[in-house]
Amino acid sequence: GSAQIGVTGLAVMGRNLARNLARHGYVTAVHNRTSARTRALVEEFGGEGSFVPAETAEEFVASLERPRRIVVMVKAGDPTDAVIREFAALLEPGDIIVDAGNAHFADTRRRERELRERGIHFVGSGVSGGEEGALHGPSIMPGGSAESYEALAPMLEAISAKADDGSPCVAHIGPDGAGHFVKMVHNGIEYADMQLIAESYDLLRHALDLPPAEIAEVFRTWNRGRLDSYLIEITAQVLAHTDAATGKPFVDVVLDQAEQKGTGRWTVQTALDLGVPVSGIAEAVFARAVSGHADLRAAARELPGPTPTLLDSAAYDRFADDVEQALYASKIVAYAQGFHQIAAGSAEYGWDIDQGRVAAIWRAGCIIRAAFLDRIRAAFDNRPDLPTLLVDDHFRSALDGAQSAWRRVVSTAAELGVPTPGFAAALAYYDSLRAERLPAALVQGLRDFFGAHTYHRADRPGTFHTLWATKDREEVTPS
Ligand code: NBP
C-alpha cells in the first residue's frame, strides 16, 4: 500500500481529521462503515490532498504502508470495540491503531492490554477543539507506547494547533490510558471554567442590573487582560447575540437547562475513586444537574429569598472588577484541582505525566486554550514537583491580590441570593488548604465515639481510642 495513514469513521470529526492530514501532504486512506460518507468526502474535498478511498476494511488495510497507522474516529463505547475487533484481525505485529474518540481511560487501558498481547500498538488519544479544531489544528493528547508515538509524532505535530511560540500542541502523555485520562480532566476543567463564567454573568446581571449586551462588553474588556481565552471571547459573542425570531437577547430565549455528554461526570467519578478533591469541577457538574431538574425547581420556586437590597454606589462601581478577580482566583483553583487529579492518576497508574507539557499543549487548539496556560506551564517548568499550583509564586500573589474581592463577591452573592457554587467551592478549597487546623479533628472524634474507629494524635505517634461509654473516658491504644 501507498497511504501513509488511514482514518476510519468519517462523521464530522473523522472527516475533518482526514482532511487536515491530507492538507498537510500525507497520503490518507479513508474508510467508513457506510461507504456513502467515504465517497462524499472524496467528491467534496478530494482536491485538498491525496485521499485513497476504501469500500471495505480489507481494502483499507491493504492500502496502507507498513507499519500501518489507523486512526479510529467512531462513536465511543461499543462501536469503538467493534471497529477495533474488525481491524485488529487484519493487522500485523508492529501496526498502530489510534483511537481518537472520547473513550473512557479504563476502556483504553483494557484495549491497549488486549492489543499489546497481539503485538499491535494501541494509542488512546485525546483530541480537543471540536470540529473546527480537527480541521485546522486540535490539541492532541496521545497515550500508548513510546515507540508508537515516535512513528506518529511527525504527522501529529504537523496537524496539531501551534502555540504562540510556534510549538505544536501535541506530546506523548504516557502509557496506555494516560492520554484519554488527561483529555477527561481537560473536559472537567472546561466544565468548571464555563460554570465560573456563567456565575460571573449571573452576578453582573443581578447585582448591577446590566443587560446581556453590556455584560458582553465587560467580557470583551476582560478578554484583553489576564483572562484572555477562547471561552471568554465566545461568552462575549453569545451574550451580544440577539434572537432573530423575538428580538430578545439570545441568552433569554434559551431553555436554562444545561446538558452534558458525560466526560465531566467521568472526571468527578474518577476523582472520587482517587480521593482527589475536585470540588470546583464537581460543583460545575452538579450545577448542570440542578438546572435539569425542572420539576424540583418548579416546586421550590416559592421558597423565600433574601429581602431585595441594592449595592451602595461604591460597591456598585467596583463590582465588575471584583467579579473579574473572583473569576480569576476561582479559575486558578479549578486548574489546581484538575492538575492535582492528573498527578494523582499519574501516580496511581505509573504514567509519569509531565504536567508542564500538558499545560503547554493546552495553550492552543483546545476549548480551554488561554494565555493563562502559559503561566501554568511556567509554574511546572520552574518546579516540576510543585505540590499545588496555588503555591507557585505567580499564582500565590495573584490569589493574594484577588482575595478581598473574591470574598466580597462570595458574600455579596450570598446576601443577594444569587447561587455561586463554583466561586464558593473554590474559596472554601483555598481556605481549607490554608487552614492551620481543620475541623477534621472533630470528625475523627465523632467517628471514634460512635464507631470506635480510632484516631491519631498530633502530639505523639500511635493509634488511640477513647472509651466513651465509661465514666472516666480513659484513652487506650487498641492492639
Ligand atoms: P459520532 O460520535 O457521531 O460517530 C459517528 C461515526 O461512528 C460514524 O462514522 C459511524 O459510521 C460510526 N459508527 C457507529 Br455510530 N457505530 C459503528 C460501528 N458499529 N461500526 C463502525 N462504525 C460505526 O462521530 P463524531 O461526532 O465525528 O465523533 C467521533 C468521536 O470523536 C467520538 O468518540 C466523539 O466523542 C469524539 N469527539 C467529538 C467531538 C465533537 O466536537 N463532535 C470533539 C472531540 C471528540 P456510519 O456513518 O456508518 O454510521
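Q: How many bridges join strand 1 to strand 2, and do these strands run parallel or antiparallel?
A: In this predicted model, local features need pLDDT of at least 70, side-chain atom pairs count only at pLDDT 80 or more, and totals for chains, interfaces and linings use all residues. Residues are numbered from 1 along each chain as its sequence is written, and side-chain values use heavy atoms, with hydrogens and water left out. Strands (E, at least two residues) and helices (H or I, at least four) are DSSP runs numbered from the N terminus, and two strands pair if DSSP finds at least two bridges between them. Strand 1 (residues 5–8) and strand 2 (residues 28–31) are joined by 4 bridges and run parallel.

Q: Which residue of strand 2 is the bridge partner of Thr8, and what is the hand of the crossover from strand 1 to strand 2?
A: The bridge partner of Thr8 in strand 2 is His31.

Q: Are the strand 2 residues Thr28, Ala29, Val30 and His31 buried or exposed?
A: In a regular strand the side chains alternate between the two faces of the sheet. Thr28 and Val30 point one way from strand 2, whereas Ala29 and His31 point the other way. With buried meaning under 20% relative accessible area, exposed over 50% and partly exposed in between (1.4 Å probe, protein chains only), all four residues are buried.

Q: Why does the salt bridge of Arg111 and Asp81 tie together parts that are apart in sequence, and how many residues apart are they?
A: A salt bridge is a side-chain nitrogen of Lys or Arg within 4 Å of a carboxyl oxygen of Asp or Glu, and the side chains of Arg111 and Asp81 meet in one at 2.9 Å, N to O. Arg111 lies in helix 5 (residues 105–116) and Asp81 in helix 4 (residues 78–88), so the pair ties together parts whose separation in sequence is 30 residues.

Q: What is the relative accessible area of Glu112?
A: Glu112 meets Arg116 in a salt bridge (2.7 Å, N to O). The two are 4 residues apart in helix 5, so about one helical turn separates them. Glu112 is buried, with a relative accessible area of 9%.
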